[in-house]
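Here is a short tour of one protein chain. Start with the overall fold, then move to the details.

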Amino acid sequence: MPLQGWALDLGLVGYRQAYALQCRLHEARLRGEIPDVLLLLEHPPVITLGKGFQAEHLLFAPEFYAARGIEVCPTDRGGDVTCHMPGQLVGYPILDLRAYGRDLHQFLRQLEEVLIRTLAEYGIEAGRVSGYTGVWVGNEKIAAIGIKVARWVSMHGFALNVNNDLSLFGLIVPCGITDRGVTSISRLLGMPVSMAEVKARVIRQFEAVFGLSLHAPETPLELVSAAV
């Protein structure tokens, strides 16, 4: 029997709100009050600064971004600087990794595998690049991954470019990588794709890779309504 978990589609949610929700769910998972959870959502324009952030990778002063309605948020995930915006699918797995081998490197490879398999369903041949975390199509990054694990329960996760405007990436040095570009599903296919369909395919591949059975909670989560 596969492990049971929840999949929650939150729609468009502010970065700070989503982070507060992750913290609540993380604590609830540690206490054993909820099963593993996969949050799927989109963010308004935001630039996030990971624990490995280097100041020169933020190309302009904070006032420049604020004037354009782009929030800049320091955060506690791993990695350098990245950005989120509508049309990009963000996934935050709140998993107890004690059930998945207690191996952080394996966890990162599993997240990559979920996205590689999802992209293959669209006929996109994606893969890994040695020395970098994330998913790539040729020389271009299509998905970024940055996590935090505390007491073996994970937070943060992945961002898959679907229909998003890629120009925001030009305002930073994405993940501190200067010699590679970014791309999206819609750009590669030459047409917009259904976000609902992408979410469904990500959930299906997440279940396959992690041996989980995901479903919506039977009753509304007070934890969610309190944070979103």
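## Overall build

Residues 24 or more positions apart account for 79% of the chain's contacts with a separation of 6 or more. Contact here means heavy atoms within 4.5 Å. This is a predicted model: local features need pLDDT of at least 70, side-chain atom pairs count only at pLDDT 80 or more, and totals for chains, interfaces and linings use all residues. Residues are numbered from 1 along each chain as its sequence is written, and side-chain values use heavy atoms, with hydrogens and water left out.

The chain has six helices and eleven strands. Both are DSSP runs, numbered from the N terminus: helices are H or I with at least four residues, strands E with at least two. A compact globule of 228 residues would have a radius of gyration near 17 Å; the chain has 17 Å, which agrees. That radius is taken over C-alpha atoms, and the globule rule is 2.2 Å times the number of residues to the power 0.38. Along the principal axes, the C-alpha atoms fill a box of roughly 45 × 40 × 30 Å.

## Surface and interior

The accessible surface of the chain comes to about 10,000 Å². Carbon and sulfur atoms hold 53% of that surface. Areas come from the Shrake-Rupley method with a 1.4 Å probe; for residues, only the protein chains shown count as cover.

Of the 228 residues, 54% count as buried. Buried means under 20% relative accessible area, exposed means over 50%, and partly exposed lies in between (1.4 Å probe, protein chains only).

## A strand covered on both faces

How many residues of strand β2 (residues 36-42) are buried? Seven of the seven are, so β2 is largely enclosed by the rest of the structure. Asp36, Leu38, Leu40 and Glu42 are buried on one side, and Val37, Leu39 and Leu41 on the other.

Strand β1 (residues 3-12) pairs with β2 in the parallel sense, over seven bridges. Two strands pair if DSSP finds at least two bridges between them. Leu8 has Leu39 of β2 as its bridge partner.

## A three-stranded open sheet

Three strands form an open sheet with mixed pairing, in the order β4-β3-β5. β4 (71-74) and β5 (81-84) stand at the edges with a single partner strand each, so one side of each is left without a neighbour in the sheet. From one strand to the next, the twist averages 25°.

Strand β3 (residues 46-49) pairs with β4 in the parallel sense, over four bridges. Leu49 has Pro74 of β4 as its bridge partner. Helix α1 (residues 15-30) lies across β3, β4 and β5, and runs at about 30° to β4. Axes are lines fitted to C-alpha atoms, for helices over the stretch in contact, and angles run from 0 to 180 degrees between N-to-C directions.

## Aromatic pairs

The structure holds seven aromatic pairs. The rings of Tyr100 and Phe210 have their centres 5.7 Å apart and their planes at 85°, so this pair is edge-to-face. Rings of Phe, Tyr and Trp (its six-membered ring) pair if their centres lie within 6.5 Å; planes under 30 degrees apart count as stacked, over 60 as edge-to-face and the rest as tilted. Tyr100 lies in the loop between β6 (88-94) and α3 (104-120), and Phe210 in helix α5 (residues 195-210), so the pair ties together parts that are 110 residues apart in sequence. Tyr100 is buried at 8% relative accessibility, and Phe210 is buried at 5%.

The rings of Tyr132 and Trp136 have their centres 5.6 Å apart and their planes at 40°, so this pair is tilted. Tyr132 is partly exposed at 30% relative accessibility, whereas Trp136 is buried at 3%. Ring pairs also link Tyr100, Phe107, Phe206 and Phe210 into a cluster.

Arg102 has a phi near 50°, a positive value in a residue other than glycine. Arg102 sits in the loop between β6 and α3 and is partly exposed at 48% relative accessibility. His156 also has a positive phi, near 60°. His156 belongs to strand β9 (residues 153-161) and is buried at 1% relative accessibility.

Glu112 lies in helix α3. Is Glu112 buried or exposed? Glu112 is buried, with a relative accessible area of 1%. Leaving aside neighbours within four places in sequence, Glu112 is in contact with Arg128, Tyr132, Thr133, Gly134, Val135 and Ile145.
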